[in-house]
Amino acid sequence: MNVRRVAAIARRIANGFKRDHRSLGLLFGAPVLVLLLLGWVIRGQSSPATRIAVVNEAGPLGAVIVTRIVDAARTGGLQVVDIGASVDSARAALADDRIDVALTVEPPGTPGSTGGPVIELMTPGVISTDDSLHVAAVQRALADAVAGTGAPAVVHRVLYGSPDPDVLDSFAPALIGFFGFFFVFVLTGVSFLRERVGGTLERLLATPVRRSEIVAGYSLGFGLFATLQVVVILMVAFGSLRVPAIGPLPEFSAGLGIANAGSPALTFLIVFLLAIGAVNLGILLSTFARTELQVIQFIPIVIVPQALLGGVFWSISSLPDPLQPIARVLPLTYAIDGLRNVLIRGEGLASQTLQVDLLVLLLVAVVLIVLGAATIRREVA
Amino acid sequence: MTAGTDVAPVVEARELRKVFGPIAAVDGISLDFTPGRIYGLLGPNGSGKTTLIRLLVGLARPTSGTARVLGTEMPERQVLGRIGYMTQADGIYADLSVVENARFFASMYGVRDRTAIEEALDLVDLGGRHSTPVEELSGGMRRRLSLACALVHRPRLLFLDEPTVGVDPALRVVFWEHFRRLAADGATIVVSSHVMDEADRCDELLLILNGRVLARGSGAQIRETAGTHDLEGAFLRLAGRAAPAAEAPPREAPPNDREGAAS
């Protein structure tokens with residue numbers, strides 16, 4: 001392999017980017033925007049005080065329970081709304097959005113009873129995540145109420161990550177993997193399609209260049225940009241520079257300040273391997289596209305299933321059984337697992353699961369390199 | 001055939017055939033090209049000129065027959081370093097500048113000498129536009145840059161696939177001056193064209209139709225054979241003579257269909 005030719009091809013890609021500001025924006029601006037937006041949505045989620053109403057349907061015993069609940073709710077920071085004493089008025093209040101949760105104390109013997117009275121929680125059921133937040137708030141308040149009564153208290157600690165549960169912690173590694181794959185795939189696919197359609201590939205193949213040099217040059221060129229992209233994403237995800245309030249803008253943190261235990265070198269290694277796979281997948285699939293739009297059409301087939309199954313949103317073990325084997329052959333699955341191992345668990349190369357992740361990513365990259373190179377034919381049969 | 005010449009041929013093809021499905025794009029072509037001459041491949045669109053060039057450059061593998069270029073049987077990667085190939089499409093990178101394109105192809109050919117790059121750009125009169133992005137070049141300038149990219153390694157053998165398509169008459173004259181100068185320096189040039197008036201500038205012509213060589217020789221010789229005053233007429237007359245024989249057995253085209261023969 002001629003290093004000069006490989007370098008020239010990589011430089012060609014870099015020079016192309018220099019003038020293509022839109023692609024640069026896609027590569028660096030878009031992930032930052034998405035990450036910041038996500039951080040803002042998740043962190044800044046306004047959790048207004050949960051408004052509850054308590055209705056007694058269980059007679060004098062129920063009245064005692066209602067008093068206990070109302071006291072506990074008030075001390076727990078919940079807002080108790082007086083809506084009258086009937087189940088119907090509670091339903092009406094829920095429907096009119098005057099309360100978030102209606103608690104009804106039902107007499108013993110109602111379905112679900114274990115002998116004592118039953119506390120029924122009713123929520124609107126429109127947006128389940130909102131309901132869960134409010135129900136959780138009620139449960140916390142009630143748990144606090146019994147905390148001092150000798151009942152066992154439950155304290156939640158975590159082995160890895162920050163003790164304050166933050167969805168971003170698990171999202172950040174997944175997004176780094178996802179962006180690394182997605183943008184590199186799209187950009188390489190389009191770039192190589194242009195080579196095929198624009199006649200430059202034909203011309204390139206009329207020079208003494210080797211196929212391996214083309215593949216290596218592309219992998220190096222786009223791998224370099226993928227790595228730079230990771231640097232930017234990591235700075236945004238794990239950096240925590242406080243920007244003071246300016247004018248109407250409130251004080252905010254440039255960078256999400258996500259707890260990070262990992263080694264940057266291993267992070268790069270994972271993303272680089274993933275990016276090389278994505279580069280060669282782009283080269284491979286550009287064979288099956290005739291226009292740039294057709295490259296974009298691969299996104300629902302190649303990218304979306306990986307996002308759904310690869311662990312961005314749900315862990316592999318929570319997937320339905322038939323989908324689990326599929327998830328286990330997707331490169332993004334291993335990249336995300338690897339990034340979580342490094343960034344959240346702080347694992348090093350000694351970790352066996354990380355070794356498996358890296359090995360699979362390497363294997364996927366090699367297979368895609370071979371397949372991608374096979375589509376670059378000098379002699380058409 | 002140039003049998004009897006004392007110079008070894010630069011390009012030798014023997015019974016080259018290239019079949020795509022039911023169609024023979026190149027159907028048994030033999031030729032010998034000697035150094036320092038300009039050869040013209042003349043024929044309508046779809047007659048097999050580009051496929052013939054691709055076979056000679058080694059971008060396609062012949063179904064049967066052989067092509068030897070610079071003494072080596074094609075396809076062979078190593079020989080490509082001494083061949084220049086200007087494709088029909090410009091084949092240059094729109095997102096690079098003029099000089100970046102030239103440097104890129106020079107690197108591919110393994111050329112480190114910057115003066116060769118400058119020379120190629122000066123030759124096509126783009127020496128003063130180094131940093132202009134290709135996107136901002138006119139069609140004619142792109143054609144010139146495309147030619148320069150085929151010259152950066154000072155090839156001994158140059159294949160030019162319709163180099164003057166979309167090029168204005170003044171620039172066409174400039175191009176042909178370049179080609180003549182390169183040939184005078186000993187390079188062999190193979191130009192494909194479907195423009196008949198360009199053909200007379202070549203030392204030897206091959207009229208190509210349906211993947212076969214219809215006639216070969218200098219422009220004067222071909223006109224004489226056909227008994228016409230211009231090449232266009234010669235081509236049509238020769239194509240008319242060849243058509244029934246070539247068309248009749250494999251295809252079910254009506255016998256009086258002259259369209260099929262000419263297009």
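Predicted model: local features only at pLDDT ≥ 70, side-chain atom pairs only at ≥ 80, totals over all residues.

Colleague: How many disulfides does a search of the whole structure find over all chains?

Modeller: Zero disulfides turn up over all chains. A disulfide is a pair of cysteine sulfur atoms within 2.5 Å.

Colleague: OK, chain A. How many helices and strands are there?

Modeller: Chain A has 14 helices and six strands. These are DSSP runs, numbered from the N terminus: helices are H or I with at least four residues, strands are E with at least two.

Colleague: And what percentage of chain A do buried residues make up?

Modeller: Buried residues are 45% of its 381 residues. Buried means under 20% relative accessible area, exposed means over 50%, and partly exposed is in between (1.4 Å probe, protein chains only).

Colleague: Switching to the interface. How many salt bridges does the rule find across chain A and chain B?

Modeller: The rule finds three there. A salt bridge puts a side-chain nitrogen of Lys or Arg within 4 Å of a carboxyl oxygen of Asp or Glu. One of them pairs A:K18 with B:E100, at 3.0 Å from N to O.

Colleague: Which part of chain A gives the most to the side that touches chain B?

Modeller: That is α1(A), with nine residues.

Colleague: What does B:E100 meet at 3.1 Å?

Modeller: Its side chain meets that of A:R19 in a salt bridge. B:E100 lies in helix α2 of chain B and A:R19 in helix α1 of chain A, so the pair joins two chains.

Colleague: Is B:E100 buried or exposed?

Modeller: B:E100 is buried, at 14% relative accessible area. A:R19 is partly exposed, at 26%.

Colleague: Now inside chain B. What does B:R143 pair with?

Modeller: B:R143 and B:D90 form a salt bridge at 2.8 Å, N to O. The two are 53 residues apart, with B:R143 in helix α4 and B:D90 in the loop between β6 and α2 of chain B. B:R143 is buried at 4%, while B:D90 is partly exposed at 22%.

Colleague: Which residues are linked in a network of salt bridges?

Modeller: B:E12, B:R14, B:D32 and B:R68 are linked that way.

Note on methods:
Residues numbered from 1 in each chain as written. Chains lettered and ligands numbered in written order. Heavy atoms only, no water.
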